Structures are given as C-alpha cells and as structure tokens.
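Visitor: I would like to go through this entry term by term, and to hear for each label what it rests on.
Guide: Then let us look at it together and set each value against its definition.

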Amino acid sequence: MSTPIHAGACFCGAVSYTVTGKPTLSAYCHCSRCQIMNGSAFIWTIHFPASAFSWTHPEQHDAATDTYITEGKPWKTRFRCRKCGTCVASYNNKTEHWSVWGVQFERDEKGVTKDLDSVKPTAHIFYETRLVDVNDELSKWEGYEDKSTRIL
Ligand SMILES: [Zn+2]
Ligand SMILES: [Zn+2]
C-alpha cells in the first residue's frame, strides 16, 4: 500500500496543509477545551509527528495564520486562518507533534472523507467531560487512549 497523504484546509481555503503516513493517535476528543473552541460536543482529533506535517498554502505561511498559545500550556501553539478564523492545527513542542482535526480533511464529491480507513478514530478520549453518550464499539478513556484509565 502507498503512504496515505491527507490534505486539510480551513473553511475559506486560504490556509492548508498535508499530513503524511499513519497518525500516532486518532480519536474523538470530549475535553472541555475542544468543546469550547469548536462549539461542538466532541471533535475528531488526529496526531502526527512533526516530520509528517507541511503547510501547503502559497502565501508566506506566517502571513496567512494567527497563532494562539493557551495560558498554562506554553508548549502548545494553535494556528488559525486570518481570513475566516478557523483553527487549522496546533503544534506541541514538548511532544513534537501536530494535532489536526479530521473534519477538515479533503472529501470526495459526495462529501465523504478520502481514504478514511487510514485515519479512522480508534477511541473516545477525555470521555468524563462528555456532553453526549456515544454508544459505539470504540473504547472510552479518562484521558488519552492506552495512557489513562479506561471508562468503557
Ligand atoms: Zn480560512
Ligand atoms: Zn480535546
């Protein structure tokens, strides 16, 4: 099989990126930060090592994005499109990993995510702060998958 490459972009398309290869984590995150930042009950988050991520928009990369550093988490920088305001990715310089949201990956004409199988979520993480119960077959964790207590 060839190496999977997923292209992601903000809502307006001014900021875009690719991630290459298998993610180190793909899960539905129910943490309160993700909920508040996305206005959503939970979000599909995917982690890739630094070497797997590249910006692909043509402008000077810094000129197209705003950055935001969460108070108390100085190692984590979030990148946001300057035009449409969508958060597109964040970089953790402690773990040297990017995290992106699978909802932004390229889709086919029907709106189905391309090559979904190579990046499919395997768990629900930070499930204690959930706003909705999810009755699927995936495991549910207090924190990160395999690094915290399993709830269900
Ligand atoms: Zn945008
Ligand atoms: Zn989260």
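Visitor: Why is Cys-34 called buried?
Guide: Buried means under 20% relative accessible area, exposed over 50%, and partly exposed in between, with a 1.4 Å probe and protein chains only; Cys-34 has a relative accessible area of 13%, so it counts as buried. Please keep in mind that this is a predicted model, in which local features need pLDDT of at least 70 and side-chain atom pairs count only at pLDDT 80 or more, while totals for chains, interfaces and linings use all residues. Side-chain values use heavy atoms, with hydrogens and water left out, residues are numbered from 1 along each chain as its sequence is written, and chains are lettered from A and ligands numbered from 1 in the order in which they are written.

Visitor: What makes Ser-99 count as buried?
Guide: The relative accessibility of Ser-99 is 11%, so the label buried applies. Ser-99 sits in strand 9, residues 97-101, where strands (E, at least two residues) and helices (H or I, at least four) are DSSP runs numbered from the N terminus. Apart from its neighbours within four places in sequence, Ser-99 is in contact (heavy atoms within 4.5 Å) with residues including Thr-45, His-47 and Ala-89.

Visitor: Which residues coordinate the zinc ion (ligand 2)?
Guide: Donors are N, O and S atoms within 2.8 Å of the metal (3.2 Å for Na, K and Ca), and sites may look incomplete, since water is not among the atoms. The SG atoms of Cys-29, Cys-31 and Cys-34 coordinate the zinc ion (ligand 2) at 2.2 to 2.3 Å, and along the chain these donors follow the spacing C-x1-C-x2-C.

Visitor: How many disulfides are there?
Guide: A disulfide is counted where a pair of cysteine sulfur atoms lies within 2.5 Å, and by this rule the count is zero.

Visitor: How many helices and strands does the protein have, and what makes it as compact as a globular protein of its length?
Guide: The protein has two helices and 11 strands. Its radius of gyration is 15 Å, close to the 15 Å that the globule rule gives for 152 residues, so the protein is as compact as a globular protein of that length; the radius is taken over C-alpha atoms, and the rule is 2.2 Å times the number of residues to the power 0.38.
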